[in-house]
Amino acid sequence: MADVIQLLPDHVANQIAAGEVVQRPASVVKELLENAIDAEADRIQLIIKDSGKTLVQVIDNGKGMSVTDARLCFERHATSKIRTAEDLFALHTKGFRGEALASIAAVAQVELSSKQEDSELGTLLRIEGSKVLSQTPEVVSKGTSIAVRRLFYNIPARRQFLKSDPVEYRHIVDEFHRVALAHPQVSFRLIHNDVENFNLPVSNLRQRIVNIFGGKTNEKLLPLKEETDLVTIDGFIGKPDYAKRSKSEQYFFVNHRYIRNPYLHHALMAAYEGLIKEGTFPQYFIFLKVDPASIDINIHPTKTEIKFENEQALYAILRASVKHSLGQYSLSPMLDFEKDPTLELSYSETKEKPRMPHIEVDRNFNPFRQEQKSFSGASKKTASWESLYVGIESKSNTKPFDLVEIEDFQEEKTMDLGVETSEQPKAETFQLRRKYILSQLKSGLLLIHQHRAHYRIRYEEILTKMSDTQIASQQIIFPINPAFTHAEISMLSEIKEHLEQAGFQFSKFGFEGLEIQGIPAYLQPEAVEDLLKKVLAALEMELPDSYFSGLDLIAKSIAKSSAVRTGQNLGCDEQAQLLDKLFACKEPQLSPDGKPVYISLDWEDIENKF
Ligand code: ADP
Ligand code: MG
């Protein structure tokens, strides 16, 4: 048989590669703005026509390019930013792949003019579909201007896939905001269809935020500052009272690069837990500075996702410093059951620099995992929890104190809390009305809402598993074929990945129908359809745009529908386990939907009543 393999011509290879880098006009905006920053410009203009479909142009006053460089920059892997693979570990620039301009030039009509400071003349170069049309000397001012016209003019299918003008413009503005926020020392202008939409003078970060998001923003911001060996944190977080229904003003930057990181986002949301209404989101503008060698920005072609070496320690530090900042504003939850010194770090009044040694030692620390004894707060919490019982002798509690029988309760089910029985002496507990667990403390009485307590426990367990991607899935004998409309299926497809992470396995997933053959281990097959309906209802309220909120939503739904219910009889061991596990949770005092899990009564209060 004849040979069939051929090398693709360059312009075709470029077009294919362009698909990775250039998805829409906003991708061009991002790459051009970043190049201008890398060129050390301090004045950058972005000119847009028809939401970038007709024109994206960036004009900077940076260091410019030589005649040869102006030509070379459109070659694939042409970069001035790294020379060896090692340079990747000391990266101080946005770009490094040398791909952006080659990709853009493959799918648009590009005009570049550039001049270096010490040259008399600059260069004007026109390139179209990777073909250089002309290069001429030209009188231009110092810096670079790159105009990208008619994006995807040569790939009609991709051009067709562009969204409406408002949507594409929104994406452009998002990119513009990200770069402008990360560089307040640079002035920016954005002109769309000849109208100036932003004019941001050189300023400090706070002013930059206000200039972008409006004058009222100023009063909503709390400063955030933290310095440890591992990371320097700087920036602003929103006061809880101003949390909004939309997640649009949440920004993480690492070494001045905008990033998405669901895990750190969760750390932040954890710090706000109990302070904001469910379904609302705080603003944040957080800048992390870490050693470039401790991150890997190369895992994503458009580089908004990065990998940290010390992600878990960062989680703890970030959460602690946000809590601290909220606390300074005296909004920290009064409910805080027990301050965990390892998570809170030591913010002594002496303003001593927080020390990091324990955090650095334990690389396996997972803040979601409560079982670990080495560093996690769990062991400490359990310990202090036990100390509440000191002085109370432990009896082997026999029968639940269950005097009241209520008819309409469903039949009893045994509850599997999934814990090994602990050797610690158990606290004496009673179940009341098949709804509450009563327990005696050294200082008084504790009344725990059994469903909410278990809901909290399950939620944290599921999040741990999901973030470890240990997917606990059970195969079911009869696959489930829930009936969903097309609209519902397309909504579910947005979070399919999360559902799979949560333990769902789909044997069919499409408009012809849905077939589920594996479900989360905690879940009863009968509960599946209802659960998905609830997830859909929540999705309708707001499509989770961040990776994490999707996970969170599913974790909550599974936790809620699999938690012990009111009306379920719990044996003594189960009651004890419930207590143990609850107080090993990160936030035992609130259920995941923000309701109180327990109330306590001091002996003094009780005495006073008599
Ligand atoms: P990368 O940014 O990854 O190096 P690009 O394709 O974005 O790759 O750019 C290629 C090269 O072109 C850069 O390394 C830089 O040397 C040069 N360049 C691009 N834009 C500018 C600019 N605005 N000013 C000066 N040089 C630029
Ligand atoms: Mg670049």
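This is a predicted model: local features need pLDDT of at least 70, side-chain atom pairs count only at pLDDT 80 or more; totals for chains, interfaces and linings use all residues.
Colleague: How do you know how confident the predictor is in the protein chain?
Modeller: The mean pLDDT of the chain is 80, and 80% of its residues reach 70 or more. Over residues 331–424, pLDDT stays under 50. For that stretch the model has 184 contacts beyond four places in sequence.

Colleague: Why is helix 6 called roughly antiparallel to helix 7?
Modeller: Helix 6 (residues 165–182) and helix 7 (residues 205–213) pack at an angle of about 160°, with their axes 9 Å apart. Angles over 145 degrees count as roughly antiparallel, so helix 6 is roughly antiparallel to helix 7. The crossing of the two helices is right-handed.

Colleague: What makes up the contact of helix 6 with helix 7?
Modeller: From helix 6 come His177, Ala180 and Leu181, and they meet Leu205, Arg208, Ile209, Ile212 and Phe213 in helix 7. By class, this contact has six nonpolar, one polar and one charged residues. Arg counts as charged, so Arg208 is the charged residue here.

Colleague: What makes strand 5 and strand 8 edge strands?
Modeller: They belong to an open sheet of eight strands in the order 5-4-3-6-2-1-7-8, with mixed pairing. Strand 5 (131–138) and strand 8 (195–200) each pair on one side only. Neighbouring strands of this sheet are turned by 10° against each other on average, direction ignored.

Colleague: How do you know that strand 7 and strand 8 pair?
Modeller: Pairing needs at least two bridges, and five bridges join strand 7 (residues 187–192) to strand 8, so the two strands pair. They run antiparallel. As one of the details, the bridge partner of Ile191 is Glu196 in strand 8.

Colleague: Where do helix 6 and helix 7 lie on this sheet?
Modeller: Helix 6 lies across strand 1 (43–49), strand 7 and strand 8, running at about 170° to strand 7. Helix 7 touches strand 7 and strand 8, and its direction makes about 165° with that of strand 8.

Colleague: Which strands form the sheet with antiparallel pairing?
Modeller: That open sheet has four strands in the order 16-17-18-22. Its edge strands are strand 16 (429–432) and strand 22 (598–602). Strand 17 (residues 436–440) and strand 18 (residues 444–449) pair over five bridges, and Leu438 has Leu447 in strand 18 as its bridge partner.

Colleague: What direction does helix 18 take against strand 16?
Modeller: Helix 18 (residues 572–582) packs on the sheet, and its direction makes about 105° with that of strand 16.

Definitions and conventions
Residues are numbered from 1 along each chain as its sequence is written. Chains are lettered from A and ligands numbered from 1 in the order in which they are written. Side-chain values use heavy atoms; hydrogens and water are left out. Axes are lines fitted to C-alpha atoms, for helices over the stretch in contact, and angles run from 0 to 180 degrees between N-to-C directions. Angles under 35 degrees count as roughly parallel, over 145 as roughly antiparallel, 65 to 115 as roughly perpendicular and the rest as oblique. A crossing is left-handed if the near helix is turned anticlockwise from the far one by less than a right angle, and right-handed if clockwise. Contact means heavy atoms within 4.5 Å. pLDDT is the predictor's confidence in each residue, from 0 to 100.
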